[in-house]
Structure formats: structure tokens, C-alpha cells
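Trainee: I would like to learn how the words used for a structure follow from their definitions. Could we go through one together, slowly?

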Number of protein chains: 2
Amino acid sequence: MILEHVLLPVVAGREDAFEAAFAEAKGIIASMPGFRSLRLERCIERRSGYLLLVEWDTVEDHMVGFRESEEYLRWRALLHHFYDPFPTVEHYETVTTIGP
Amino acid sequence: MILEHVLLPVVAGREDAFEAAFAEAKGIIASMPGFRSLRLERCIERRSGYLLLVEWDTVEDHMVGFRESEEYLRWRALLHHFYDPFPTVEHYETVTTIGP
């Protein structure tokens, strides 16, 4: 299992529209092979800052299976126009955990 | 519940020592009132980049209960010398989730 991490800078004033679009888009990513879970979080200190965390079986499930799919074109059309600047995606592997 | 998010830039070459120190330090934070869970993650693309996610009941449990405690002094002594530059902590609240 790997964790996709991306900090999403949403254009100020478009937060509600972004959240509505994300509610539609999340079903797209959740239908992809290798998808395990996601959480979208909103920053308390910077209200236009969001955090997207997605668990995948492998990096390839995200970067090839999803990013090179037809479904990704729809995801991109729904969401990418909300971001400025365009965010950087990274992948993480777990070192240690405590709790649920 | 809120999520503490911090990207930890560990000095290159000190990753193993940092992980060993974190294994000792994690019990400190896990003992604090309001602590719910943590995960320490290591970046696949940038091997000296780590991500710490901690769930707390409230922002105050982290920023006052932990940061102003005696326990925090020991946490800081164990871990802060590994970071360059010093990281920025933010807090997030959940917008939506899918999966476990």
C-alpha cells in the first residue's frame, strides 16, 4: 500500500464550488483498480488550502492505471481549473503508525 | 477530530537515525490527552522527505496540551535537530472520505 499526497491550493472564493465538484469526482477515482481509500481535508489556518490523501495498492495504480485512463480526463475536467498554482503530487510509504 | 499535518525535511544521510529517534518519541505524543492516532510516512520520490499525520480531538489538544507540556521538551530534544529547514505545522478538518 502507498499513500498519494497532494496539497491543493484552491482559488480563493471557489471553495464551495470545488467541494461540490469533488463530491462528483470522488466516485471516479474510487472506481479505479488499486484504489483503497481517500480523504479530502480542508486547512483550518488557510481556508483555501486542501489536502488530498489517497491510498493505492501501488504507485503504478495511480500514475499509470489512473493518470493514463479515460476516467482521468473527466477527473481533470471537473477539478483542475480550481487549482492555482498547479499542485505537486508525491507518494509515501508507511514507516510507523499508532492507533486506528 | 482534527488532523495535524507536517512535512518533515530530514537532513540527508540522517534518515535512519531519525527513524530510530522517532520510534522512541512516538510514545510521548501518543500518551497525551486528545491524541487519537499517528502515521509517519516516508516519501518515495524524495527519500529524506517525511510526512507526519496526527489525529487529535481538538487543535488545542495539540497546540496547548502538547506544545506547552513537559513532554514536548523531550519530543523536541529527540527530533527537532533532524529537520532543515524547520517544518510548518497546519491543521485540517475532514471534508469527505471514502473507504477505511
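Trainee: In which sense do strand β2 of chain A and β4(B) pair, and over how many bridges?

Mentor: Strand β2 (residues 35-43) of chain A and β4(B) pair in the antiparallel sense over six bridges. Two strands are said to pair if DSSP finds at least two bridges between them, and strands themselves are DSSP runs (E, at least two residues), numbered from the N terminus, as are helices (H or I, at least four). Within this pairing, Leu38(A) stands opposite Ile98(B) in β4(B). Please keep in mind that this is a predicted model, in which local features need pLDDT of at least 70 and side-chain atom pairs count only at pLDDT 80 or more, while totals for chains, interfaces and linings use all residues. Residues are numbered from 1 along each chain as its sequence is written, chains are lettered from A in the order in which they are written, and side-chain values use heavy atoms, with hydrogens and water left out.

Trainee: How many residues does each chain give to the contact, and how much area is buried?

Mentor: With contact meaning heavy atoms within 4.5 Å, chain B gives 39 residues and chain A gives 39 residues. The area buried between the two chains, which is the accessible area (1.4 Å probe) lost on putting them together, summed over both, is about 3300 Å², and carbon and sulfur atoms give 57% of that area.

Trainee: Why is Ser69(A) called buried?

Mentor: Buried means under 20% relative accessible area (1.4 Å probe, protein chains only), and Ser69(A) has 11%, so the word applies. Ser69(A) is found in the loop between α2 and α3 of chain A, and, not counting residues up to four places away in sequence, Ser69(A) touches Met32(A) and Val64(A).

Trainee: Which backbone nitrogen atoms does the side chain of Ser69(A) reach?

Mentor: The side chain of Ser69(A) reaches the backbone nitrogen of Glu71(A) at 3.4 Å and that of Tyr72(A) at 3.1 Å.

Note on methods:
Buried < 20%, exposed > 50% of the residue type's maximum accessible area, 1.4 Å probe, protein only. Polar contact = N/O pair within 3.5 Å; in protein donor to acceptor, adjacent residues only side chain to side chain.
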